[in-house]
Amino acid sequence: MHVYVHVPFCARRCSYCDFAIAVRPTTPNDAFVRTIVSEWRERTGNSALLGDEPITTLYFGGGTPSRLDPASLSQIIVEISSARPLAADAEVTIEANPEDVTPTKATAWALAGVNRVSLGVQSHDPAVLTWMHRTHHAEQVPAAMAALREAGIVNVSMDLIFGLPAALDRNWVRDLELTFALSPTHISLYGLTIEPHTPLQHWTDRGESLPVAEENYAAEYLRANAELMRHGFEHYEVSNAALPGHRSRHNSAYWSGAEYLGLGPSAHSLLGGVRSWNVREWAEFAERSVAGGPLQAGSETLDPASRRLESLYLGLRTNAGLATSRIPEEARAAWLQAGWAEAAGERIRLTVEGWLRLDALVGAIVHS
């Protein structure tokens with residue numbers, strides 16, 4: 001069983017962010033715990049749908065989960081595990097901003113059962129962090145890593161964003177070198193995208209920010225891949241790489257098509273072949289919770305065509321690839337010849353060059 005908890009609270013919205021967040025000067029810890037506990041109790045009442053397996057991954061995402069008081073985080077973990085035990089080797093992850101990671105907090109997280117942290121670094125360049133509207137300073141990253149290790153949390157992932165506007169003069173190679181120097185066990189790479197209704201979109205519309213050239217975007221991705229390989233990482237999914245034994249088990253469950261339960265505003269669930277999603281905004285979510293109203297905003301039953309498309313896309317996202325028979329022969333031959341894919345026994349998987357074209361490749365075979 002895989003459980004996701006969405007913690008929406010942030011001190012500030014980043015310039016590129018279109019996630020379901022709630023900017024608050026302080027975090028409403030008690031109210032948030034009440035809503036999550038209430039939703040968890042309601043959802044676990046349907047044991048026929050959820051089964052009785054122990055929880056193998058528990059992931060606190062956001063938003064900025066590290067803004068939660070450690071006691072509130074612990075209370076949620078205790079509540080969840082009292083109704084459904086955590087597996088002995090369960091992966092318990094919290095996303096954190098570097099400025100939130102103190103020795104006291106890191107120790108409290110470890111005592112609560114957290115054994116993996118995803119650190120939102122994005123860049124080590126102070127000017128870039130300012131442009132992104134990030135709330136941390138570059139020097140807080142190594143301090144956060146030291147605090148986590150001292151607390152016994154050694155499984156740490158770092159997020160980096162590539163493909164930034166050329167005008168920022170960001171040194172991508174230096175960012176990679178500084179990241180590897182801190183010895184994370186996992187690295188996530190996200191290409192910058194211009195999302196609607198974000199500061200970045202407004203800057204772009206006004207001509208104040210120009211998107212990076214496609215060839216530079218690709219070059220940075222390929223350079224990152226080369227550096228990951230050189231440092232012993234396995235680039236196991238289009239945006240994720242890990243040292244041996246440190247893949248994200250929670251995210252890998254998504255990519256394998258496993259079912260999962262999502263709690264909190266905007267959280268999605270996939271149970272019994274039905275995908276559902278909660279209301280997006282924290283204020284409405286909290287109001288409905290207090291009133292005993294429905295928390296779900298909608299749902300859809302995945303038909304065979306939808307399942308096929310999703311399995312194609314998810315399979316080609318990872319280095320496990322797909323059975324050769326899943327890809328039409330003509331497309332398969334073209335991919336192999338272009339260097340976008342490689343054969344591995346009875347399976348075919350995309351190369352890093354193929355991952356750069358993932359959406360187009362999947363779209364071509366679906367509509368062929």
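Which residue just after α11 takes a positive phi? In this predicted model, that residue is G292, with a phi of about 75°.

Now look at the helix itself. Helix α11 runs over residues 282-291, and its buried residues are W282, F285, A286 and S289. These residues cover an arc of only 95° around the axis, so they sit on the same side of α11. An α-helix has 3.6 residues a turn, so residues three or four places apart point the same way.

What lies on the face turned away from the buried side of α11? That face carries the exposed residues E287 and A291.

## N278 in strand β13

Strand β13 holds N278. Is N278 buried or exposed? Its relative accessibility is 4%, so N278 counts as buried; the cut-off for buried is under 20%.

The side chain of N278 has a polar partner. One of its polar atoms lies 2.9 Å from the backbone oxygen of G264. Leave out residues up to four places away in sequence, and N278 still touches E39, G262, L263, G264, S266, A267, F285, L295, Q296 and A297. One of these, F285, is also among the buried residues of α11.

## Helix α6

Helix α6 covers residues 140-150. Which of its residues are buried? They are V141, A144, M145, A147 and L148. Their arc around the axis is only 165°, which puts them on the same side of α6.

That buried set packs against α4 (103-112), β6 (116-122) and β7. Just after α6 comes G152, where phi is positive, at about 95°.

## T179 in helix α7

T179 belongs to helix α7, residues 172-181. Why does T179 count as buried? Its relative accessibility is 0%, and anything under 20% is buried.

Where does the side chain of T179 reach? It comes to the backbone oxygen of D175, at 2.8 Å. T179 also has contacts beyond its neighbours within four places in sequence: H124, M158, L160, P184 and I187.

## A167, out in a loop

The loop between β7 (156-162) and α7 contains A167. Here the relative accessible area is 80%, so A167 is exposed. The cut-off for exposed is over 50%.

How many residues apart along the chain are A167 and T44? The answer is 123, and their C-alpha atoms are separated by 51 Å.

## The second largest pocket

Empty space can be found too. Rolling a probe the size of a water molecule over the atoms shows where empty space is left. The second largest pocket has a volume of about 220 Å³. It is lined by 16 residues, and S256, G257, E310, S311 and L314 are the closest to its centre.

Which helix gives the largest share of the lining? Helix α12 (residues 304-317) does, with 5 residues. By class, the lining of this pocket has 7 polar, 5 nonpolar and 4 charged residues.

Terms used. Residues numbered from 1 in each chain as written. Predicted model: local features only at pLDDT ≥ 70, side-chain atom pairs only at ≥ 80, totals over all residues. Heavy atoms only, no water. 1 Å grid on protein atoms, 1.4 Å probe; cavity = no way out; pocket = protein on both sides within 12 Å on 5 of 7 lines; lining within 4 Å. Points joined across faces, edges and corners; volume = space filled by probe spheres on them. Helix = DSSP H or I, 4+ residues; strand = E, 2+ residues; numbered from the N terminus. Nonpolar A, V, L, I, M, F, W, Y, C, P; charged D, E, K, R; others polar. Buried < 20%, exposed > 50% of the residue type's maximum accessible area, 1.4 Å probe, protein only. Polar contact = N/O pair within 3.5 Å; in protein donor to acceptor, adjacent residues only side chain to side chain. Contact = heavy atoms within 4.5 Å. Arc of directions from axis to C-beta.
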